[in-house]
Every structure is written in structure tokens, then in C-alpha cells.
Amino acid sequence: MLANHHTQACLDAWVNCENVLFNIRNQFKSFSARTVKTVDECAQICMGLFELFNSKKTNFKGLALLCVGICEECAEVCERYDDPLLQQCAETCRFCSITISELATAD
């Protein structure tokens, strides 16, 4: 059963990833291409799953599994940086990964 906290977890992860991307583009700090790509992919997948949830479709398990994986990868990439915004993104993505894994692994 889809609960509101699942959609909120996706939305929160998307917002945090987009904030990181916005700040990366507007700072003079150097971030690896892998970091930018991972955060961007995470934002896209989280928003895609959020939209799928809101469309009331029930065939979201595949995208949910993908979301769990990319959120976990994003969290690992972001937590390597000593930057509060990236640390917050890591926490939010890890929470999303845990929350969505409930759906991805449910029978």
C-alpha cells in the first residue's frame, strides 16, 4: 500500500538533489563529474517515481528498485563532501532509499 510518506520521501530527495545541483552550478568549487551525474540521476528518478505515485498507477516496483539504488549511491557520493548541503542531501537520499525499499521489496 502506498502511503503519503513514500511520496514525501521522493519529493524531499528530489528537492535536496536539485538544491545541490543549483549550488554546484553557481559555485567555483570543483565537484567530480561522477558527483554531478549521480545527483542529477537521483533527482530525475526521484521525481519520476513521485509522479508515478501521484498518477495512482500500481506498476511502480521496477522504478522503486531503481530509486533505492540511485538514492543509496547518491547518499554515498554526497557524504564524502564536507559541505552541509551535500550532507543534508545524503541524509535525505538515504531516508528515501530506506522508505522506498519497503515498497520495492513488498510482495
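1. A definition to begin with: buried means under 20% relative accessible area, exposed over 50%, and partly exposed in between, with a 1.4 Å probe and protein chains only. Thr 99 counts as buried because its relative accessibility is 3%.

2. A word on the source. This is a predicted model, where local features need pLDDT of at least 70 and side-chain atom pairs count only at pLDDT 80 or more, while totals for chains, interfaces and linings use all residues. Residues are numbered from 1 along each chain as its sequence is written, and side-chain values use heavy atoms, with hydrogens and water left out.

3. Where does Thr 99 sit? Its place is in helix α4, residues 84-104; helices are DSSP runs (H or I, at least four residues), numbered from the N terminus. Leaving aside residues up to four places away in sequence, Thr 99 touches His 5, His 6 and Ala 9 (contact means heavy atoms within 4.5 Å). The side chain of Thr 99 also reaches the backbone oxygen of Phe 95, at 2.8 Å.

4. How many disulfides does a search of the whole structure find? The search finds zero, a disulfide being a pair of cysteine sulfur atoms within 2.5 Å. For Cys 67, the closest cysteine sulfur is in Cys 71, and at 3.9 Å it is too far for a bond. For Cys 93, the closest is in Cys 17, at 3.7 Å, also too far for a bond.

5. On accessibility, Cys 67 counts as buried because its value is 0%. Cys 93 counts as buried too, at 0% relative accessibility.

Terms used:
Helices (H or I, at least four residues) and strands (E, at least two) are DSSP runs, numbered from the N terminus. A polar contact is a pair of N or O atoms within 3.5 Å; within protein, one must be able to donate a hydrogen and the other to accept it, and residues adjacent in sequence count only if both atoms are side-chain atoms.
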